[in-house]
Amino acid sequence: MIYNNSSFWLDDDFLKDDNDWGFDDVIEKPKGKDPIKLAGYRRAIGNFVRIVTGESIPVRFTEAGDSYTDGKSVTISASLKDKDFDPAVGLALHEGSHIKLTDFNTLKTLEDFVKKDDEMMNVLAKKHETITDRWSATYYAMNKLKTLINIIEDRRIDNFIYKTAPGYRGYYEALYDKYFNAKIIDKGLKSDEYRDEEWDSYMFRICNMTNVNTDLDALNVLRAVYKMINVKNIARLKSTNQVRNLAWKIFKMIEEVIPGDTEEIKTPGQGGEGQEGEGQEGQKGPNGEPKAGNGEHGNIDDGSKAEGEEAKQGKGGEQGGTIAPKDLEKLNDKQKHQLKKAIEKQKEFQDGKTKKTKISKALNKQMKAMENSGVEIKDVEFNNGWQNVKAEVTVIRNFNKQLVEDVECGMWMRKDEYGFDRHMQDHKNWIADGIRKGIVLGKKLKVRAEERNTKFNRQRTGRIDKRMIANAGFGAEAIFEKIESFAYNPGLIHISIDNSGSMNGTRFEKAQVAAVAIAKACSMIENMDCIISYRSSAAFGTSRWGSRNSDVKPVVLIAYDSRIHGMVQIKTLLPYVETANLTPEGLCFEAIMKDIVEASRGKDSYFVNMCDGAPYYNDYYGEKAVEHTKSQVKKMRFEGIKVISYFITSSKENASPRDSGQFKRMYGKDSQFVDTNKITEIARTMNSKFLETV
């Protein structure tokens with residue numbers, strides 16, 4: 001994998017997308033961009049930015065129409081190609097550090113800053129025929145100054161992060177490898193290109209002055225500029241204003257040697273300053289330190305290396321290099337074009353306008369909805385009869401209206417779905433029926449919230465019964481009393497409903513009614529919580545029947561949790577839930593096992609399953625799936641959770657001997673078969689379970 005710095009937290013197929021798939025024919029190429037993985041990608045980079053900068057800086061994808069960062073949030077590319085990922089993280093950290101450390105007001109006030117230098121404005125007006133007034137002189141100077149500021153400021157802020165967060169150096173080096181260490185840049189620095197005394201030459205060579213192939217004597221004052229910037233001591237610049245002041249001095253020094261429209265090249269007496277002490281150095285990282293793997297320039301140092309220890313490879317004369325050395329490589333037309341493109345890429349980086357793969361507004365809405373719903377992917381391992389394989393189970397922790405409106409997957413109805421109004425009204429009727437039944441049940445269950453005290457008098461030990469004190473003088477010993485208190489432990493019931501396609505119709509209706517009745521009853525008791533989750537398989541971006549089995553993945557939808565939701569959640573959102581595809585039973589149980597166990601701590605906890613068949617999902621079926629589901633039920637029981645499972649049949653047919661046998665093996669003695677016409681009996685049987693003493 002190319003994303004070496006991220007291998008510790010990314011799985012092997014996290015970064016696959018449309019244009020970068022193809023390890024083998026077994027793995028099917030995904031259709032479009034995966035909104036869940038994109039959301040995870042954004043969340044991970046957001047965590048990096050927050051950790052490194054110490055600030056909660058928003059991280060977002062670029063949408064159609066965006067062209068540059070706004071200085072308040074970090075924008076990232078939607079490309080998940082592995083070769084792009086490490087540089088993308090580095091770029092996000094780079095942008096985040098700009099937001100933390102760069103004073104953007106300095107750039108906004110450049111015009112006023114430049115105008116104040118009357119002497120320089122007059123020089124420019126006399127020197128260049130194209131500069132005809134003060135405005136054009138200001139624009140000319142601002143354009144050059146801004147680029148110089150960007151180059152120096154990038155080094156300053158990257159050095160800060162590079163030194164304060166060494167664990168993230170790999171991402172910065174990947175970033176600089178992409179934009180500054182391209183082979184064509186190396187060739188260009190060694191060639192006879194960009195050696196004329198003009199601004200393009202200076203900008204190219206200043207931008208790449210820490211590259212191993214740089215020639216500090218290629219231009220008259222390049223070496224002097226290098227010494228003024230002093231990358232190894234860049235931390236001395238504490239603010240963007242200081243960077244601007246330095247950049248202005250450099251601008252004026254370069255402008256002095258840049259010929260005007262009719263002038264000859266000037267050769268200043270100071271051009272060759274410092275020839276002996278500094279020359280070519282090893283290829284550098286973002287803070288100008290040598291990068292590993294570059295021959296004699298060796299390992300990254302920590303900045304403690306003295307400046308005097310730099311390699312002494314300067315080769316200019318007393319005045320600097322006004323004449324190109326002989327035997328320089330000449331670039332062909334194709335290479336010149338490649339070099340021009342690479343320079344443009346560097347310029348885009350410096351201006352904060354790097355090209356990033358954009359996403360549609362619709363996809364961005366999907367990702368935001370998923371993030372707000374606490375969506376995550378859990379890897380669950382099982383044996384398919386030949387080998388251990390992993391299934392990605394999507395867990396949706398907070399069902400909400402935004403998810404319903406912006407994301408399609410088949411587990412809930414959408415307003416544009418055929419027959420929506422009719423189906424929605426039916427579903428609302430089910431919920432209303434469940435609430436009515438729940439009110440009756442809740443009145444019976446209120447006893448759980450009551451505390452009972454029983455007094456036992458005429459005891460030989462305990463507290464003295466004041467009414468018996470008078471008997472003490474007559475030799476009576478049983479003058480004490482004891483009071484025993486009894487209260488139910490807090491309770492929790494997790495109802496897991498199979499909403500696979502075979503549950504469609506009466507089965508699903510009755511399951512909904514029973515679940516809502518129990519939830520309503522629990523809401524009437526102070527010490528009883530209820531969770532309702534649904535499990536099936538689905539493909540995000542497709543309708544209920546619009547995807548092939550190979551496209552879908554197991555999904556757990558936690559639609560109601562009384563610890564965070566009120567009954568409004570049940571009334572407004574549960575009617576949207578509908579049946580979907582397959583039955584990945586045990587896979588879904590394992591994906592939320594940690595949640596189930598943690599929620600049950602210190603409580604009388606019940607896990608109630610409602611289904612109509614054996615587990616099935618792609619190659620998860622048969623004996624292996626049954627045994628895997630059985631093992632998940634065993635885990636719950638081991639944690640003290642009472643597991644009750646209902647196999648729902650229609651009034652016209654019973655479960656097949658095969659299905660009933662598998663069902664009993666998975667759920668044991670607490671498995672029950674319930675006719676849809678009698679499914680409300682579930683609520684009544686749960687009543688007795690709730691009132692059991694432990």
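1. A charge is taken to sit over a ring if NZ of Lys or CZ of Arg is within 6 Å of the ring centre and within 35 degrees of the ring normal. In this predicted model, the charged end of R169 sits over the ring of Y162, 4.6 Å from its centre, and K144 lies over the face of Y140 at 4.1 Å from the ring centre.

2. On the basis of the note: this is a predicted model, in which local features need pLDDT of at least 70 and side-chain atom pairs count only at pLDDT 80 or more, while totals for chains, interfaces and linings use all residues. Residues are numbered from 1 along each chain as its sequence is written, and side-chain values use heavy atoms, with hydrogens and water left out.

3. Aromatic pairs (rings of Phe, Tyr and Trp, the last by its six-membered ring, with centres within 6.5 Å; planes under 30 degrees apart are stacked, over 60 edge-to-face, the rest tilted) number 21 in the whole structure. The rings of F647 and F663 have centres 5.1 Å apart and planes at 80 degrees, so this pair is edge-to-face. The pair links distant parts of the chain, with F647 in strand β12 (residues 642-649) and F663 in helix α21 (residues 657-667), 16 residues apart; helices (H or I, at least four residues) and strands (E, at least two) are DSSP runs, numbered from the N terminus.

4. Buried means under 20% relative accessible area, exposed over 50%, and partly exposed in between, with a 1.4 Å probe and protein chains only. F647 counts as buried at 3% relative accessibility, and F663 is buried at 1%.
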